[in-house]
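I wanted to know how the two parts of this chain meet. My notes follow the structure.

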Amino acid sequence: MIRLDRDKIGEAGSQTILAEAAEILRRGGLVIFPTETVYGLGGNATDPAAAKAIYAAKGRPADNPLIIHIEKPEDAGTYTYTNDTYRRIAEAFMPGPITVILRARDNIPVETRAGLPTVAVRCPKDEIARALIGKCGFPIAAPSANLSGSPSPTNARHVADDMNGRVDMIIDGGECEIGLESTIVKIEEDGSLTLLRPGRITPEELRAAVGQVRIASAVTAELRPGEVALSPGMKYRHYAPKSPVILLDGSLAACVDFIRREGKSNAAAIAYSEDVEILRAAFPELTVYAFGEKGDEAAQAHNLFFILREADKRDHSVIYAPLPKRSGMGLALYNRMIRAAAHHIVSL
Ligand code: TXA
Ligand code: MG
């Protein structure tokens, strides 16, 4: 693990580390690097063997395609067929926490895109990520740097918990700013847009930039038996800690009653900051994790995966958490939390 400071990125020491990382990638190796969303497990996106190595290191099924990370928005045209909708999205949100799905050109091997005719493209804003892609001169394929099925890592310690010994280099860039994975949109052949995974960039912001946005049903609901996932990642149990998570939809008083009635030992709760002390006073044995203030979805997003990973180390019998609203960035929290809870929601 090598530490890199964003404000010293131009210095010789940092440049040497980045050059070394780029050389590892060029030779087909794997490098974990920070982005503004979550850490990525990177390999050369134009190298089929690197894609296979990524799937192996993550324990990920090879039918779940990878996102390719580019240095500049205009580089998308080298690897995909772009259009006006892409240009509008790029202008509004790139570099930044958004991924677009476009028809792939032949220079992206089928292994990277898991056999699909399309490929996911993202131009990250994080300076370490961009500097690394720039040094490579090829796009970096990178899923989140967790073992398949675990919450995405948002700091280097959580990366190391899953990935130590499985990759050639880990770049420690501190905590990720956003803490949730990018918003994913599919640009259809007719230029219309479908939201496949909500994130920091909200449906409201997308609509303001491009007009209509369809929201894939799997964003908020379970796939029906036999339903084909628009994004292969939708069909896997995801973001899941080992302990069962139960989402509580009700007032604080109703939640307190519910937790009391359940009477579980070694239980935990994820609570809005305003409610933390009230819960601790009501249940001295309960482990309470502060989620962030009510209404501050950015703070909650920043904390969610961190909390789920910390909670996992304590083998809680159950983790109670509030059911988020579905507006704004709340939709991204809702989407991750219903998966972490395997759709277990209790209306109080
Ligand atoms: O913020 C992020 O997006 C992070 C950082 C590292 O960039 N990456 C990330 O990658 O979250 P990953 O692989 O964990 O999630 C990518 C999702 C998967 O659910 C995958 O199924 C979907 O994107 N995906 C990738 N290519 C696709 C395609 N061609 N069509 C539909 N879905 C696709
Ligand atoms: Mg992932």
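I used the rule of a Lys or Arg side-chain nitrogen within 4 Å of an Asp or Glu carboxyl oxygen. By that rule I have 4 salt bridges across the interface of domain 1 and domain 2.

I note that this is a predicted model, in which local features need pLDDT of at least 70 and side-chain atom pairs pLDDT 80 or more, while totals for chains, interfaces and linings use all residues. Residues are numbered from 1 along each chain as its sequence is written, chains are lettered from A and ligands numbered from 1 in the order written, and side-chain values use heavy atoms, without hydrogens and water.

I took the bounds from the domain assignment (automatic or from a database): domain 1 is 2-219 and domain 2 is 245-347. In contact (heavy atoms within 4.5 Å) I have 30 residues from domain 1 and 19 residues from domain 2. The domain centres, taken over C-alpha atoms, lie 29 Å apart.

I then looked up buried area, the accessible area (1.4 Å probe) that two parts lose on being put together, summed over both. The two domains bury about 1,900 Å² between them, with 55% of it on carbon and sulfur atoms. On the domain 1 side, Pro151, His158 and Leu180 lose the most area to domain 2, together 30% of what that side buries.
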